[in-house]
Amino acid sequence: MSSLVRRAVSNLRSNFTGKRHLYTSGSNTTGLYGFHQLKSPQGFQRFVDDAIERSGELVDYISGKPSSKEILQAMDEISDTVCTVLDSTTLCRHTHPDREFVQEATKALMRMDEYLHFLNTNQSLYNAVVKAEQDKNLPTLEDKRAASQLRFDFEKGGVHLCSDKLDRVNNLNKDISQLCIEFGENIDKDPGHVDVPASVIPKRLHHLMKPIKRYRSLGSISKNREKEFRIVTEESTLHTILQHVPDDEVRKMAYARGNSVPHVNLAVLDKLIAARHELAQIVGYKSYAEYCMQLNLSSSPDVVYSFLLKMSKLVRPMADEEFEAIWNFKKEKYGQGCGDLEPWDETYLTGLMKSSVSELDFSVVSSYFPLSQCIEGLKLLTESLFGMTFRSIPLADGETWHTDVMKMSLYHPDEGDLGYLYLDLTSRKGKYPGCAHFAIKGGRRISESDYQLPVVALVCNFSKSRYSSTVRLCHSEVETLFHEFGHALHSLLSRTDYQHFSGTRIAFDLAETPSNLFEYYAWDYRVLRTFSKHHSTGEPIPEKLVEALKRAKKMFAATELQRQILYAMVDQKFFGEESSVPKDTVTLFRDLKMQHTSWKHMEGTHWHTRFTHLLNYGAGYYTYLYAKCFAATIWQNICKDDPLSRATGSAIRMGLLQHGGAKDPADLMNDLVGDGILTKLDGGIVPDVSSLYGELGLLSRDPSKSQL
Ligand SMILES: [Zn+2]
């Protein structure tokens with residue numbers, strides 16, 4: 001089941017009186033995440049049964065023609081009921097160490113997906129929503145938005161089509177889900193590897209390698225050859241190799257291999273692009289990109305592509321200068337005959353340049369960021385900005401999935417508990433490999449006096465180093481933690497009537513803005529000094545170390561931005577209008593890289609076969625660039641002068657977080673910052689880039705050309 005169909009239903013909600021399966025936090029014996037049904041893996045069956053039963057009651061209720069507002073509320077409760085199951089199963093599948101729980105969660109997910117087909121194609125629900133949308137007496141703007149978005153989402157699922165076309169849409173949605181799963185599984189199955197002599201690998205990296213021995217048979221005598229290592233080129237090991245191995249042949253081999261696996265995903269991607277394109281066309285759009293963007297600020301792929309092209313042009317001169325600087329560094333280090341600057345040089349040489357120019361010892365940095373201190377930092381930040389505390393609360397029997405998990409409530413002295421947060425931050429085998437924010441329950445108004453509190457989980461994969469008994473973060477991990485925390489606060493502090501609009505369920509090109517804004521807090525010395533203390537001496541982090549980190553970050557900012565623009569363009573081209581079928585994604589990627597970056601392309605590689613954002617963020621990668629621009633402007637205008645003040649916190653909470661998706665996205669941005677955050681381009685809305693470009697030093701070059 002594709003996320004868009006799921007989103008269609010997640011746009012529903014209600015205040016219908018009847019039996020409700022509310023979250024039961026705090027009882028002594030409960031099930032996973034506080035749901036009484038989930039006391040055992042088999043409880044997932046009951047969880048789904050209950051959700052289907054409750055949704056069925058609500059469907060019947062809607063068929064009795066209640067008022068428009070009641071229709072919308074009942075729809076939202078259906079959405080809440082279904083999403084709670086889908087979100088819980090998703091979290092469980094990514095984090096639960098017990099295979100049986102994972103298997104049952106997967107089965108539950110599949111059953112729920114089946115049921116979603118029934119809901120998303122239910123003509124009487126659609127008719128009820130259309131009627132509600134036409135009702136001029138809907139009391140609030142949020143009600144009106146809920147009605148029109150619900151109708152829109154139903155139509156994206158093809159409910160208004162004839163039965164043949166609807167069947168085709170349903171089949172395509174199933175195919176798309178399956179292809180997305182395959183794409184991800186192939187990446188796990190085929191990470192690629194290269195075998196290299198042990199002598200070329202620095203000792204401190206040996207723990208990442210698998211020793212292999214080759215034997216050559218000489219009659220009856222076996223002769224041991226030089227020891228070799230196998231480098232498995234999954235993404236994080238590949239990054240470490242590219243950053244730390246001086247031997248450029250090894251880096252080249254690892255780069256080539258890691259960027260050309262899994263080959264089989266080229267075919268999967270072709271099918272995915274074709275299926276999404278057909279789906280979009282049946283429903284009435286020119287392309288999948290257009291299909292995804294209707295409710296976004298950008299409103300059309302042409303607007304997005306114009307924005308990306310202009311960004312690419314603006315960033316090019318500075319990215320070229322950075323490229324020259326890296327090449328000069330290479331020539332100084334290895335002599336004029338060192339050859340061209342190659343793609344596998346970038347991470348290694350920029351790492352060396354950052355360390356030498358900034359006199360930055362990266363190994364020292366993590367001494368100031370024990371994980372426990374970083375969590376303390378998030379608590380201090382919340383207290384300072386919002387006058388709220390994160391209070392640790394005990395986990396009831398059966399509620400947790402691992403002994404590492406902590407639970408906290410977000411508490412305001414006047415408003416009481418505002419939501420619940422699970423933290424599952426350290427790595428373990430079989431766990432979701434990245435960092436992410438998972439919703440378990442969205443917030444929604446149940447009655448005048450009653451609000452369903454949001455429940456979310458932050459999941460990361462921070463690990464102990466080989467030299468320490470505690471988990472200490474490098475600075476980029478601190479930044480990631482703050483990013484995910486921004487998502488969590490968005491979910492916890494939104495106060496929308498409809499679950500459909502809670503927290504991150506906002507226009508897609510605004511969803512990453514709060515998280516990008518909170519990244520700034522991980523870079524500000526006034527914030528860092530409150531919690532970043534040396535693990536053994538307790539000394540606060542020296543300001544000059546933070547300054548060095550910032551200098552290092554800025555050194556190749558244009559190159560990094562150029563890379564993000566390239567990824568967004570690749571995503572747009574893949575899911576934009578078809579020029580040929582199937583698209584030659586390898587050539588498309590190569591051409592875009594050559595046109596829009598300063599770097600060479602290594603023939604035969606196809607980096608994008610591991611680009612998992614093409615799955616859930618298909619045609620939406622550009623939203624990260626939107627978020628970068630918005631966050632820079634918000635930081636500049638609202639936070640920078642006094643980032644920890646209550647006034648700043650109040651502006652962020654009242655102006656941004658509390659609205660979730662309930663407010664028109666352009667109004668939300670304009671009311672928050674005033675003029676100067678949005679600008680018009682080709683009939684759509686794009687972010688003003690001046691704050692971001694000012695921050696990166698791009699504006700000073702030629703201000704007359706910096707207008708977007
Ligand atoms: Zn994010």
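The legends below describe several views of one predicted protein model.

The model is predicted, and local features are reported where pLDDT is at least 70, side-chain atom pairs count only at pLDDT 80 or more, and totals for chains, interfaces and linings use all residues. Residues are numbered from 1 along each chain as its sequence is written.

**View 1. The protein chain as a whole.** The protein chain holds 26 helices and 14 strands, where helices (H or I, at least four residues) and strands (E, at least two) are DSSP runs numbered from the N terminus. The radius of gyration of the protein chain is 26 Å, close to the 27 Å that the globule rule gives for 708 residues, so the chain is as compact as a globular protein of that length; this radius is taken over C-alpha atoms, and the rule is 2.2 Å times the number of residues to the power 0.38. Along the principal axes, the C-alpha atoms fill a box of roughly 80 × 70 × 60 Å. Buried residues make up 47% of the 708 residues, a residue being buried if 20 or more other C-beta atoms lie within 10 Å of its own, exposed if 12 or fewer, and partly exposed in between, with C-beta atoms placed from the backbone. Among the contacts in the protein chain with a separation of 6 or more, 73% are between residues 24 or more positions apart, where two residues are in contact if their C-beta atoms, placed from the backbone, lie within 7 Å.

**View 2. The open sheet of three strands.** The order of the strands in this open sheet is β1-β5-β2, with antiparallel pairing; two strands pair if DSSP finds at least two bridges between them. At the edges stand β1 (193-197) and β2 (210-212), each with a single partner strand, so one side of each is left without a neighbour in the sheet. From one strand to the next, the twist averages 35 degrees. Strand β5 (residues 228-232) runs antiparallel to β2 and is joined to β2 by three bridges, and K210 stands opposite R230 in β5. Helix α9 (residues 248-258) lies across β1 and β5, running at about 170 degrees to β1; for such angles, axes are lines fitted to C-alpha atoms, for helices over the stretch in contact, and the angles run from 0 to 180 degrees between N-to-C directions.

**View 3. The open sheet of five strands.** Here the strand order is β6-β7-β8-β12-β9, and the pairing is mixed. Because β6 and β9 (436-441) stand at the edges with a single partner strand each, one side of each is left without a neighbour in the sheet. The twist in this sheet averages 30 degrees from one strand to the next. Strand β6 (residues 389-392) pairs with strand β7 (residues 406-412) in the antiparallel sense over four bridges, and F390 has L410 in β7 as its bridge partner. Seven bridges join β7 to strand β8 (residues 416-426), again in an antiparallel arrangement, with M406 opposite L423 in β8. A hairpin of three residues leads from β7 to β8.

View 4. Helix α3 (residues 68-95) lies across β8, β9 and β12 (455-462), and runs at about 140 degrees to β9. Helix α16 lies across β7, β8, β9 and β12, running at about 170 degrees to β12. At 1.5 Å a residue, the 19 residues of α16 (residues 475-493) should span 27 Å, which agrees with the 26 Å between its end C-alpha atoms; the expected span is 1.5 Å times one less than the number of residues. Of the 19 residues of α16, 17 are buried, so this helix is largely enclosed by the rest of the structure.

View 5. Helix α19 (residues 543-555) has 13 residues and reaches 19 Å from its first C-alpha to its last, close to the 18 Å expected at 1.5 Å a residue. Its buried residues are L545, V546, A548, L549 and A552. These residues cover an arc of only 155 degrees around the axis, which puts them on the same side of α19; the arc is that of the directions from the helix axis to the C-beta atoms. On the other side of α19, E543 and K544 are exposed.

**View 6. The surroundings of I273.** Residue I273 lies in helix α10 (residues 265-283) and is buried, with 22 other C-beta atoms within 10 Å. Leaving aside neighbours within four places in sequence, I273 is in contact with F574, F575, P582 and K583.
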